Amino acid sequence: MTYETTYDHWIGGQSVAGTSERVGDVFDPALGTPQKGVRLASVEDVDAAVQAARTAFTTWSETSVTARSRVMFAFRQLLVEREEELAQVISAEHGKTLDDARGEVVRGREVVEFACGIPQLLKGEYNDQVSGSVDSYSFRQPLGVVAGITPFNFPIMVPLWMHPIAIATGNTFVLKPSERVPGASALVARLYQEAGLPDGVFNVVHGDKVAVDALLDHADVDGVSFVGSTPIAKYVHERASASGKRVQALGGAKNHAVVMPDADLDFAADHIVAAGYGSAGQRCMAISAVVAVGPAADTLVDKIRERTHEIKVGVGTDPDAGMGPVVTKASRDRIVDYIGQGESAGAKVVVDGRDLVVEDHEEGFFVGPTLIDHVTTDMSVYTDEIFGPVLAVLRVDSLDEALDLINSNPYGNGTAVFTSSGEVARTFQRRVQVGMIGINVPVPVPMAFHSFGGWKDSLFGDHHVHGPEGIRFYTRAKVVTARWPHVSEESLAALHFPTAH
């Protein structure tokens, strides 16, 4: 097939076609047809990227922390200036609305802003005179070559959780983005070069399982960061760990929103609808299970239903659209099937998005927002991560029952409680077995200066992503104990103003 655009790899500071003849389709989800192509890397292509990164590491790891910070400042400014271009690329390949895509760029940029402060973040500790004429101090050094393997749902934000921190701490990076949405990463590589990042420090290889396995097995890759589904997260963690790598692998989710009877139900309904249907539900932090406590249930379902009917579904460039298509036909078919399974199991489909058709885009991968009531914990519409615009309502009688339900779920990514009681909120945050918690906040994604990550089957590895734990993941500590005898030194004094280089 002939494409208008075919994305190449980015290796050693230049666009590279690579050795593989395999090319994948990049769809426009609103049209349902491939619009672009993307080269799928061979093992040799991955090796070329890793070797470029290994060569660059020799000098980049010795570059001053001040110089690395300046690159981050320049990169951050380019993300501001090119925000609209990035959003257009994301919307065209993912399907999300332009407003949603712009928001993704902004949230990813916040991690770059955190990385700009790397001189402060890499400060070590010092103890004077721990023994006679002996001092002790610690500092952190980069791992080496690190890789990021990222999903389709956030083509720029999730990679930005990884590579700015890795690069600012002195590592070099190989990114394997989702082959469904390669455009944003291709543009980011050029922005890094424009920001002054030396060639080889940031590389991009597009591809499928061949590229993933090549990175997991490569002897010169020292660490791997991954975000995706739980089965693949387990696979990445096990395979990369077996080859001696440091690994952080973020998996799937089943995020619950508990709504107490004392909550402002209009407020709760507004935010649950936004959290459940935003980006067509294709968020690892999307609310997919609403746990209605006691008498809150009937009124809450009515209010969610009213708001769900008001959502306009359309192409991402439609300024009136609140929700776009899902990413692939297979995704659409899977979501539709789950809705049918829930209905067959006895749940009530209150709002049905299975037959939605968008005018002039009849072949697009659209599923309308769907609300299902009277769901039980044994139904597949609850047990499985659907990753689509489906809200399942479960009914319980008490906060204790709600907590038991959440804590029995194998996932532990995000959760929220809607209440006007401080006592309820404090009990919830202390007892719930989930890594990220919102109190009257449905999508509790931490700011960049905290770290992102869940518990249980939502995380494999010891470190969460970005924030302080990101710094620790991409560096190793050294502790020095030193004694210096007295020696005379030649003076290096000069009249000019001292500067850092």
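Analyst: Let's start with one idea we'll keep using: a residue is buried when its relative accessible area is under 20%, exposed when it is over 50%, and partly exposed in between. Keep in mind that this is a predicted model.

User: Which residue does D333 form a salt bridge with?

Analyst: The general idea is that side chains of opposite charge can pair when their charged atoms come close. Here D333 pairs with K329, and their closest N and O atoms are 2.8 Å apart. D333 and K329 both lie in helix α12 (residues 329-344), 4 residues apart, which is about one turn of the helix.

User: How many salt bridges does the count come to?

Analyst: The count comes to 30. One of them joins the side chains of R82 and E85, at 2.7 Å from N to O. R82 has 25% relative accessibility, so it counts as partly exposed, and E85, at 36%, does as well.

User: What about D400 and R431: which helices do they lie in?

Analyst: First, the contact itself: the side chains of D400 and R431 meet in a salt bridge, 2.8 Å from N to O. D400 sits in helix α14 (residues 399-408) and R431 in helix α15 (residues 422-431), so the pair ties together parts that are 31 residues apart in sequence. There's also a network, in which salt bridges that share partners join R76, E83, R109 and E113.

User: Now aromatic rings. How many aromatic pairs does a search of the whole structure find?

Analyst: The search finds 9. One of them is F27 with F365, a tilted pair with 6.0 Å from centre to centre and 55° between the planes. The pair links distant parts of the chain, 338 residues apart: F27 is in strand β4 (residues 23-28), and F365 is in the loop between β15 (348-351) and β16 (370-373). F27 is partly exposed at 30% relative accessible area, while F365 is buried at 5%.

User: Why is the pair of F152 and F387 edge-to-face?

Analyst: You read a ring pair from the distance of the centres and the angle of the planes. The centres of F152 and F387 are 5.9 Å apart and their planes stand at 80°, so the pair is edge-to-face; the cut-off for that is over 60 degrees. F152 is buried, at 12%, and F387 is buried, at 19%. Elsewhere, F75, F173, Y192 and F202 form one aromatic cluster.

User: Let's do a helix. Which residues in α1 are buried?

Analyst: They are D45, V46, A49, V50, A52, A53, A56, F57 and W60. They cover an arc of only 155° around the axis, which puts them on the same side of α1. On the other side, E44, T55, T58 and T59 are exposed. You can check the length as well: at 1.5 Å a residue, the 18 residues of α1 (residues 43-60) should span 26 Å, and the end C-alpha atoms are 25 Å apart, which agrees.

User: Last one: in what order do the 3 strands of the open sheet come?

Analyst: The order is β6-β7-β23, with antiparallel pairing. β6 (125-131) and β23 (475-483) are at the edges with a single partner strand each, so one side of each has no neighbour in the sheet. From one strand to the next, the twist averages 25°. Zooming in, 4 bridges join β6 to β7 (residues 134-142), and Y126 has Y137 in β7 as its bridge partner.

Notes:
Residues numbered from 1 in each chain as written. Predicted model: local features only at pLDDT ≥ 70, side-chain atom pairs only at ≥ 80, totals over all residues. Heavy atoms only, no water. Pairing = 2+ DSSP bridges. Helix = DSSP H or I, 4+ residues; strand = E, 2+ residues; numbered from the N terminus. Axes fitted to C-alpha atoms, helices over the stretch in contact; angles between N-to-C directions. Phe/Tyr/Trp six-rings, centres within 6.5 Å; stacked < 30°, edge-to-face > 60°. Buried < 20%, exposed > 50% of the residue type's maximum accessible area, 1.4 Å probe, protein only. Expected span 1.5 Å × (residues − 1). Arc of directions from axis to C-beta. Salt bridge = Lys/Arg side-chain N within 4 Å of Asp/Glu carboxyl O.
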